[in-house]
Amino acid sequence: MTHQALRALPSVDRLVNQAQLHINDQLPRDELVRIARAVLHNVRTTANGEPPPALEELVAVVVAQAEQLLQPSLRPVINASGVVIQTNLGRAPLSAGALAAMQAVAQGYSNLEYDLAAGERGSRYDHLGAVLARLTGAEAALAVNNNAAAVLLVLACFCTGKEVLVSRGQAVEIGGGFRIPDVLRQSGARLVEVGTTNRTYARDYAEAITADTAAILTVHRSNFKIVGFTHEPHELELRHLAHEASLLWIDDWGSGSLLRSERYGLAAEDTIQDRVAAGCDIVCFSGDKLLGGPQSGLIVGGAELIARLRKHPLLRALRVDKLTLAALEATLLSYVRSRADQELPVWQMISATTDALQARAQAFATQLAEAGHSVEVLASESTVGGGSLPGETLPSVAVALPGPPAALHARLRQGSPAVVGRILENRLLLDFRTVLPEQATALLQAVRSALGQGLPTP
Ligand SMILES: *Cc1c(COP(=O)(O)O)cnc(C)c1O
């Protein structure tokens, strides 16, 4: 930029004064000064020979940056993708009960580590044990930060310096950096792979047992299926093997449902209760997949084993906070009252009938039509997702929006509230199975606003 052009740039003061009018004093002047300085610096160093931007343009840039600074980076999204448990979108939405419990515990003090009856120090791990044990049939239970932490803690506690037998078909990657061989290495245990990718027999485990073997680890196939020429040992064989050789049977049962998925039109899969009954000494699972609670990792098993985990130094680094405990306990109480599928959003979504979804999608389409946008209501397929029930789909109902799908999707994602849909056969679909009923009005507004700006060109 020439010397003359540089001089034509407004002063920082002038820029800040103008910008302040637009953002209504929501930011202290110092912050605006920092933004204005950076904007002017950028103009000086990047423009080559062009005339300087007009004052209004510079003010607009400063205001836009100030507004961005004021907007939280983490914000709500309407999930119209049809994937019920979407890790990228925060997995399970919480129930009204869980939200109320979090608020009650968050806004004041709580008995997090205080025994109210005795008037002395208590443990945060005392709050959930009994209810989790009751629901799963295990003797005792423990909650940690997430399931990856649960598996790491269990291996570090019982298997460091020892061998752990894992079927080749289960030495898997779950996603987000969770790979069974890596977690084993981190825990200080040695992985011994047994069998083959598709067929592993009880004798494969039996032949691999040495004086150094501490455990058999079985892993839920959360995100893939093996079909065709396959074999796995029966649960009774594994139980027998582990007990004969005094090994622990540790089970990473990922999605960890307490409800029978086949009652909801999904493939039959062992529940946590089934895994405990099958004889697993320890079962680890996520709190925010099919359980429908907050991010957490749950460990259920024998009382002595859980007592040892509670004493392990790593537990302190993996501990859950009071908000998680509050939400988790409220979520579990929905199961105790046998109201999980009516109260927990994940199960409300899974159990919604296509008739109900059709009615909601139709009402939405009618409202859009009244606003002058013609959309089509059509049958679609939702998935459970989130490393839960691989390949399982549920019939669903979607609204197909008119116009170039990618550009419209980009606009919806960046709207307020943000909306994430699904593009199929060159159309943008909004799947109603994963839209919470109370989000209907907000979704309508977001879509009207996106379509109202005129259709984007592809
Ligand atoms: C999802 C999953 C994990 C990781 O659980 P996080 O709660 O995400 O840490 C580990 N193992 C299996 C089998 C899973 O499905």
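Reply: In this predicted model, an N or O atom in the side chain of Ser286 lies 2.7 Å from an oxygen atom of the ligand. Such a pair is a polar contact, that is, two N or O atoms within 3.5 Å; within protein, one must be able to donate a hydrogen and the other to accept it, and residues adjacent in sequence count only if both atoms are side-chain atoms. The protein covers 94% of the 380 Å² of accessible area that the ligand has on its own (Shrake-Rupley method, 1.4 Å probe; for residues, only the protein chains shown count as cover). Ser222 also places a side-chain N or O atom 2.4 Å from an oxygen atom of the ligand, whereas a polar side-chain atom of Asp252 is 2.7 Å from a ligand nitrogen. In total, 14 residues surround the ligand, and Ala148 and Lys289 are among the closest; a residue is counted if one of its heavy atoms lies within 4 Å.

Residues are numbered from 1 along each chain as its sequence is written. Local features need pLDDT of at least 70 and side-chain atom pairs count only at pLDDT 80 or more, while totals for chains, interfaces and linings use all residues; side-chain values use heavy atoms, without hydrogens or water.

The helix to consider is α13, which spans residues 322–336 (helices are DSSP runs of H or I with at least four residues, strands runs of E with at least two, numbered from the N terminus). Its 15 residues reach 21 Å from first to last C-alpha, close to the 21 Å expected, the latter being 1.5 Å times one less than the number of residues. Its buried residues include Leu325, Leu328, Leu332 and Tyr335 (buried: under 20% relative accessible area; exposed: over 50%; partly exposed: in between; 1.4 Å probe, protein chains only). The partners against which the buried residues of α13 pack include α5 (96–106), β12 (297–301) and α15 (345–351), contact meaning heavy atoms within 4.5 Å. After α13 comes Ser338, with a positive phi near 60°.

Helix α5 contains Ala104, which is partly exposed because its relative accessibility is 48%. Ala104 and Glu207 are 103 residues apart along the chain, and their C-alpha atoms are separated by 54 Å.

In strand β9 (residues 213–219) lies Thr213, which counts as buried because its relative accessible area is 9%. Its side chain reaches the backbone nitrogen of Thr210 at 2.8 Å. Leaving aside neighbours within four places in sequence, Thr213 is in contact with Glu163, Leu165, Ala208 and Leu247.
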